[in-house]
Amino acid sequence: MSGEVTVTGFGVRTAFGMGADALRRGVFAGVPSFAATTRFDTGPYRTAMAGAAVDGPDAVEGWALRHALAECGAEALSMAGLAPGAEAAVLLGVAGDHTSVTRYWRGGGSDGRYGSDVAGRAHAAEPQMSQPRAPEKQLVRGASTDTGRVAHAGTAAGRERATDASPAADTERVTDASPADTRRVGDAVPARLAELLAGGLGLVGPRLTFTNACVASAAAIIHACRLISSGRIDVAVCGGGYLVEEETFGKFDSGRALSRDGMVRPFSADRTGLLLGDGVAVVVLESAEHARRRGARPLAGVVGWGSASDAHHIAQPHPEGVGLARAARQAMRLAGDPDGDALDYVNAHGTGTKYNDGAETRGLRAAFPKRAESIPVSSTKSTTGHLLEAAGVVEFVITMLALTDGVLPPTAGFTAPDPECDLDYVPNEPRRTDPRRALTVNAAFGGANTALVLERP
């Protein structure tokens, strides 16, 4: 690497609440967040359970994905000491917010609450405002500095006002359709959320959106690390988000992937599947030199990253974890530790599904043949649920907290070990230790795999 990458700020929100202390009370204490959700009618589905925040009609509106991203982004910038107007790339892993799309089709072409023709009027409330161009320092191959033409971005998304990322902005304009509803339909476009986040935070620079499923936000972080380490940018704001909603819930239910007993038991013999959960996080990454020049406190270093695809199956991982092992080895080689001799912890993908956990165990054994049995591994999805596109960045924050706090989060709900899953999974109880370096891995449909190595400063 030509430049070191450091983390200087973060904001995180899960079903446990906002911030690091909420994660400590839930994830690090091994307390599952799962409960019957009332966010939508779960009657047609096999389970009502999810790792969703306490909800109801009012709370759901407050948990619109754009607002949660804005809240986490503001917290991350405040912690990093970056002011609005800063030069920073914004890279977001997200599939969009489909809540209003679901309301639209359930209402037969209108919003179920207001009866408004949402699709036909979605652009009526959009202001015509130009976006600032990024300075030359931010030029990146494949990324336009004209934010109205950025990859995946719609023309409406490129014209949002900076204030549009705040909840109050949803009520500022009056049209014959509810402004909140017209925006919520548009929020199903992933790049719109990146535009809203960047505009709301007042950041100047390229914006990119990653939509590659459960590795999306990890892929955003990896891309940012590559840009920073090569000297093409100094600062990147990376995030991801998923909030439990009916469309994706229904898809996982129809695929029989959801846990039948309302618990997630990764690596256990009696595991029955995953549960979805709310998760949003934003992290600030900088070149170490840039952080030093402005006196920012480093929270952790990102010393290695890797990505790989085995393309084994559209939904199932390679049974030997080939792609995951390849991504992990890439990351460890970049970190200068190809055998993992200095690795103290692995935050696993650990979905609690039949196929993932055994394949992941074999992948970790392949990546670290000499040390696999001695490296603690845990799945924090046992408490948060599967956060889909947000999994990478939320688990990145959790892994960073494990380093700074000296506590390994447990695999909650662990019962009898599966003979195919024979590593140290930190069962049920947090573990006090002194970790200096940790690996966090994620996997996605289609055989995509990511790995990130963090180091305590």
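Keep in mind that the model is predicted.

Let's start with the aromatic rings. The count comes to 5 aromatic pairs. Take Tyr 45 and Phe 249. Their ring centres are 5.4 Å apart and their planes sit at 65°, so this pair is edge-to-face. The cut-off for that label is over 60 degrees. Where do the two residues sit? Tyr 45 is in the loop between β3 (35–36) and β4 (49–50), and Phe 249 is in helix α9 (residues 246–254), so the pair ties together parts that are 204 residues apart in sequence. Both Tyr 45 and Phe 249 are buried. Phe 40 joins in as well: ring pairs link Phe 40, Tyr 45 and Phe 249 into a cluster.

Now a second pair, Phe 267 and Tyr 425. Here the ring centres are 4.1 Å apart and the planes are at 10°, so the pair is stacked. This one also links distant parts of the chain. Phe 267 is in the loop between α9 and β8 (279–287), while Tyr 425 is in the loop between β12 (407–408) and β13 (431–432). That is 158 residues apart. Phe 267 is buried, and Tyr 425 is buried too.

Next, helix α12. It covers residues 354–367, which is 14 residues. From first C-alpha to last it reaches 21 Å, close to the 20 Å expected at 1.5 Å a residue. Which of its residues are buried? They are Asn 356, Asp 357, Gly 358, Ala 359, Glu 360, Thr 361, Gly 363, Leu 364 and Ala 367. And what covers them? The cover includes α11 (322–334), β10 (345–347), β11 (377–378) and β14 (437–444).

One residue shows that packing from the other side. Leu 324 lies in helix α11. Leu 324 is buried, with a relative accessible area of 5%. Leaving aside neighbours within four places in sequence, Leu 324 is in contact with Glu 360, Gly 363, Leu 364, Val 441 and Asn 449. Look at Val 441 in particular. Leu 324 and Val 441 are 117 residues apart along the chain, yet their C-alpha atoms are separated by 7.5 Å.

On to the largest pocket. Its volume is about 810 Å³. The lining has 39 residues, and the closest to the centre are Ala 257, Leu 274, Ala 315, Thr 353 and Phe 445. Which elements give two or more residues to this lining? They are α9, α11, α12, β14 and β15 (448–455). Helix α12 comes back here: it gives the most, with 5 residues.

A word on cysteines. How many disulfides does a search of the whole structure find? The search finds 0. Cys 238 is in no disulfide, and the nearest cysteine sulfur, that of Cys 225, is 7.1 Å away. The cut-off is 2.5 Å, so a pair has to be within that to count. Cys 238 is buried, with a relative accessible area of 1%. Cys 214 is buried as well, at 10%.

Last stop, Tyr 104. Tyr 104 lies in helix α4 (residues 99–106). At 25% relative accessibility, Tyr 104 counts as partly exposed. Tyr 104 and Val 185 are 81 residues apart in sequence, and 8.1 Å apart in space, C-alpha to C-alpha.

That's the tour. Happy to take questions.

Technical notes: Residues numbered from 1 in each chain as written. Predicted model: local features only at pLDDT ≥ 70, side-chain atom pairs only at ≥ 80, totals over all residues. Heavy atoms only, no water. Phe/Tyr/Trp six-rings, centres within 6.5 Å; stacked < 30°, edge-to-face > 60°. Helix = DSSP H or I, 4+ residues; strand = E, 2+ residues; numbered from the N terminus. Buried < 20%, exposed > 50% of the residue type's maximum accessible area, 1.4 Å probe, protein only. Expected span 1.5 Å × (residues − 1). Contact = heavy atoms within 4.5 Å. 1 Å grid on protein atoms, 1.4 Å probe; cavity = no way out; pocket = protein on both sides within 12 Å on 5 of 7 lines; lining within 4 Å. Points joined across faces, edges and corners; volume = space filled by probe spheres on them.
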